[in-house]
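Let's take a walk through this one together, from sheets to helix packing. Have the coordinates open and follow along.

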Amino acid sequence: MRKGPSAFNIASVVVGLAFLYAPIVILVVYSFNASRLVTVWGGFSTRWYVALFQDAQMLDAIWVTLRVGALSATLATVVAAFAAVALVRAGRFRGRTVLAGGIYATLVMPEVILGLSLLLLFVSVGLPRGFWTVTLSHATLTLAYATVVIQARLASFDRSLEEAAQDLGCPPWKAFALVTLPGIAPAVAAAWMLAFTLSLDDLVIASFASGPGATTLPMRLYSQVRLGVDPKINAVSTLLIGLVATGVIAAYLAQQHQRRRGAR
Amino acid sequence: MSGRPQSPRPQIGGIRETFAPWADPQARPLVRFDGVSKTFGDTTAVDDVSVSIYEREFFALLGPSGCGKTTLMRMLAGFEQPDAGRILLADRDIQADPPHRRPVHMMFQAYALFPHLSVAQNIAFGLKQQKMARDEIAPRVEEMLSLVRLDGMGKRRIDQLSGGQRQRVALARALAPRPRILLLDEPMAALDKKLREETQFELMALQQTLGMTFMIVTHDQDEAMVVADRIAVMREGRIVQVGRPAEVYEAPADRYVAGFIGDINLFEGRVAASENGVVRLVSGDGTFEAEGTGPVGETAWVAVRPEKIAVHAEPPQQGVNTLAGRILDYGYLGDWTTYLVEIAPGRTLRAARANATRATDRPLGCDDPVWLTFATSSAVVLTR
Amino acid sequence: MRRERSALAAILPFLWLAIFFAFPFLLVAKLSLSDAALAMPPYAPRIDWSQGLAGVQAFLAGLDGETYARLTQDRLYLDAYLSSLRLAATGTLILLLIGYPIAYGISRCPPRLRQALVMAVILPFWTSFLIRIYAWIAILKPAGLLNVVLAKLGLPAVDILNTETAVLLGLVYAYLPFMVLPLYAVLDRQDETLIEAAQDLGATPISAFWRVTFPISLPGAAAGALLCFIPMAGEFVIPDLLGGSDTLMLGKVIWTEFFANRDWPAASAVAIVLLATLTIPILLFERQQAKVLR
């Protein structure tokens, strides 16, 4: 019985979305601009994409970033799944507040502080900085986000399904694996995706935790951006945006489809 | 049903005997629905409803879910606009008034109490909207709290209250600004049976004490029977019968009303004769006589309630309205025992017997042959 | 039985957070009490484990608050501190003012559209932060798109890149989804019959909004404000790319001290000051989340 949106409501949403999307649209459009200048439209061209794929350093950075992203997201998702089970299922055990506190603190902690502290850790234990230190740092950064996503789904998951499985003779761990895990699988996948994109995106922590030979894409982009606007950046940005948008929209549609089937 | 004895309390049963403004052609109704219709998409929620509600009346809209009773109430409150027809409040068309300008207040089904406000602030909400002076609000809130027996609870938060207490806060909040008519949308749906029965009597006493007009929407026929002066039975957007509870029960307008309110046994047949206010009906189960009139030669039904059928272990003397059968099953309900009697293969009737004495032995059991009788005055003729 | 076993699941995340989150903070705190040195790593004192207990004692004796004293002497740090808080607070206020109508507008839409709109608000968050901020450079620079559009409209050109205005714009742009989502969550959950009840009791639609919808949505506003304020106060990329050399923010100071000046103790001390300042908002945020969790 909710009243429909008023003209003011519609205007707020439209203006808000325009504000969010305008810069992204401009970026994508100008990645196909033949001219080097942002303000001049020199005709449609894919020359920046060609240039991008000839830039060995950039390609190398992309490869490093994807590997770090996949590995750190996997680590974070596994730890997050444990954290979510403890937070949702264990009731009020001692240390629950501490665990929840730690998770939410990493969620809002300024990246500069997190990066600096992780760097000091690696220096103090003598771990050489590179691929692995970035991966561990990103897993720490994304752990909180992954936990929130999985925990939300787990909390709304009908506990009695698992109890029914146990009632039918399943041991608790097996009931969890056979009933609950498939039920929360979409959330686990979403958590992994989120962790992966956050890792792809991170500049600050990677800059602290990285060493020679492990330059990630954001680090490469950052050094280029500081030198000035380069249309190659538009090209790589467009590719990234396309990749992520496709993934997210596909996941969304799959979820909608499943929900509609479930509703029937 | 046990009301909590409170004294002094109005003896509502007695008052109701003489209260009948609807029978008075001079009386002006407080609310008048005049040919009101409302459709949502393809479904007709309310279909050409005309009905009047009088000052100080306790009026019930009764029907199954989806019959349009809630839509009818929401149109009076102003949350829905009728597609056709008029709604008059004290002879004034209120079509153009938005909900907040109507002197009609509603008690919502899930109460809709404001979670960010205390009990007292909830009750004061409507008073503040009326721009009532601050020093008048506090005593009114206190008065309302004691009216619903929540004295001293004004400072409580809503989430600290039990279901029954919330229900009473919702009642107090809707009553505080003294509406011309109070609308109650399934007010007792969230309460358990015992509390519901107590609350029904409290609600009636409150309505009498305040001298207000109440309109209740319910799907519970027992509730409507207990609380209301008149019941309007709704079906698929239409009102099929309006009347006092006893009228609706004892003289249902059609088979739908007869079946919706209480149990009923029906005999379908052809009217053989209709004279002196008695109809003789020839049916496949036999020939029956019932009070009423009917068109001779047409199809009609004789309807008789289970408690009006007498069950005999021995064949009675020859007379009208007698049936033979055997007990298929029975259920003991404490105050009543209900028998399911097979009078022909696949054809069963219900008969109920009051357990007036504390019978530990069973005079009648399964498969026992029995004879059923009912008086001509206990049965009615239905032509629809 | 089952509950206790579930608590065992906490061991792994606990260990992870202890090693990669809690312990490193102790290192930052320790380092903030050290002095910069021309060495690798560039600070002193360090524990000489070969001397055993005496080494630890010598190390402890070497710690002092000198770095903090240095922070108070240089006006730059105080300025950076104050402008960090000012920009984060102003940004949060602007976010509340523009985020609320957006969240409210979405919550008024039909359910199907609502889901798609929420998706549309989240989607930019999934695309690179750095790239989105970079896009603003092309828009805001003197010969950028904004001025081209302004010139077409016959309006005077503006030069806001490398100013605080640009930083605020960037902050608001980057954190808008974090403000809209918690607000939307409370507004969407709100029971519509409460509004009907308010109107039934004589409140106009506008008054019903201010007396019912708005107060009930305040926890969402608080969550959004904290979720934005805390990371914004330590933001590095936005002031660095959009603020130029004029805008001082603590995140940038930590970065500069660390990478440009190689003054690790100073970077650590600034980090500790920032962390201490953010402790109260962080604790408030956790209390808020704990309520939601329950």
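First, some housekeeping. This is a predicted model, in which local features need pLDDT of at least 70 and side-chain atom pairs count only at pLDDT 80 or more, while totals for chains, interfaces and linings use all residues; side-chain values use heavy atoms, with hydrogens and water left out. Residues are numbered from 1 along each chain as its sequence is written, and chains are lettered from A and ligands numbered from 1 in the order in which they are written.

Now the sheets of chain B. Helices (H or I, at least four residues) and strands (E, at least two) are DSSP runs, numbered from the N terminus, and two strands pair if DSSP finds at least two bridges between them. One open sheet of chain B has 4 strands in the order 2-1-4-5, with antiparallel pairing. Its edges are strand 2 (43-53) and strand 5 (92-93) of chain B; each has a single partner strand, so one side of each lacks a neighbour in the sheet. Strand 1 (residues 31-40) of chain B is joined to strand 2 of chain B by 7 bridges, and B:Phe33 sits opposite B:Val51 in strand 2 of chain B. Packed on this sheet is helix 2 (residues 69-77) of chain B, which touches strand 1, strand 2 and strand 4 (84-89) of chain B. The direction of helix 2 makes about 115° with that of strand 1 of chain B; angles here run from 0 to 180 degrees between N-to-C directions, and axes are lines fitted to C-alpha atoms, for helices over the stretch in contact.

The other open sheet of chain B has 6 strands, ordered 6-7-8-3-9-10, and its pairing is mixed. Strand 6 (104-107) and strand 10 (238-243) of chain B are the edge strands, and the twist averages 20° from one strand to the next. Helix 6 (residues 193-210) of chain B packs on this sheet, touching strand 3 (58-62), strand 7 and strand 8 of chain B. Strand 7 (residues 181-185) and strand 8 (residues 213-218) of chain B are parallel partners over 5 bridges.

So how does helix 3 of chain B sit against helix 4 (residues 134-147) of chain B? Their axes come within 10 Å and cross at roughly 120°, and the two helices are therefore oblique (under 35 degrees counts as roughly parallel, over 145 as roughly antiparallel, 65 to 115 as roughly perpendicular, the rest as oblique).

B:Phe125, B:Lys128 and B:Gln129 make the contact with C:Ser207, C:Arg211 and C:Val212.

Note on methods:
Contact = heavy atoms within 4.5 Å.
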